[in-house]
Amino acid sequence: MLRFTLMVFGMAFMLSGGLWVLQGLGLVKWPSDSFMLAERSWAIYGGLTFLLGALLFWRGSLIAK
């Protein structure tokens with residue numbers, strides 16, 4: 001159960017972090033009224049969130065089934 005939880009949360013963090021990076025860099029303009037668009041700080045926060053998600057996913061993949 002821990003393996004599944006870590007991998008699900010890891011994937012969720014990677015997806016949301018990736019979106020934040022793209023929004024922060026101004027590459028994704030969705031939703032159009034978002035306060036995160038073209039704000040470099042959100043690209044940094046997104047990168048850190050993505051890395052945390054990758055770490056959780058990696059850790060979950062090391063746990064035996």
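How many helices and how many strands does the protein chain have? Two helices and zero strands. Keep in mind that this is a predicted model.

Let's start with the overall shape. The radius of gyration of the protein chain is 14 Å. The globule rule gives 11 Å for 65 residues, and 14 Å is well over that, so the chain is more spread out than a compact globule. The box tells you how the C-alpha atoms are laid out. Along the principal axes they fill roughly 45 × 20 × 15 Å.

Next, the surface. The accessible surface of the protein chain comes to about 4,600 Å². Carbon and sulfur atoms hold 74% of that. And burial? Buried residues make up 25% of the 65 residues.

On to helix H2. It has 23 residues. From its first C-alpha to its last, H2 reaches 33 Å. That is close to the 33 Å expected at 1.5 Å a residue.

Which residues of H2 are buried? Ala43, Gly46, Thr49, Gly53 and Gly60. What covers the buried residues of H2 includes H1.

Here is a general point to hold on to. An α-helix has 3.6 residues a turn, so residues three or four places apart point the same way.

Now the aromatic rings. A pair of rings is described by the distance of the centres and the angle of the planes. This model has three aromatic pairs. One of them is Trp20 with Trp42, and it is edge-to-face. The centres are 5.6 Å apart, with 80° between the planes.

Why does this pair tie together separate parts of the chain? Trp20 lies in helix H1, residues 2-24, and Trp42 lies in helix H2, residues 40-62. The pair therefore links parts that are 22 residues apart in sequence.

The cut-off for buried is under 20%.

Trp42 has another partner, Phe35. That pair is edge-to-face too, at 5.7 Å centre to centre and 70° between the planes. Phe35 is exposed, with a relative accessible area of 62%.

Ring pairs link Trp20, Phe35, Trp42 and Tyr45 into a cluster. Find Trp42 in the structure and trace the pairs from there to Trp20 and to Phe35.

Technical notes
Residues numbered from 1 in each chain as written. Predicted model: local features only at pLDDT ≥ 70, side-chain atom pairs only at ≥ 80, totals over all residues. Heavy atoms only, no water. Phe/Tyr/Trp six-rings, centres within 6.5 Å; stacked < 30°, edge-to-face > 60°. Helix = DSSP H or I, 4+ residues; strand = E, 2+ residues; numbered from the N terminus. Buried < 20%, exposed > 50% of the residue type's maximum accessible area, 1.4 Å probe, protein only. Expected span 1.5 Å × (residues − 1). Contact = heavy atoms within 4.5 Å. Rg over C-alpha atoms; globule rule 2.2 N^0.38 Å. Areas by Shrake-Rupley, 256 points an atom, 1.4 Å probe, with all protein chains shown as cover.
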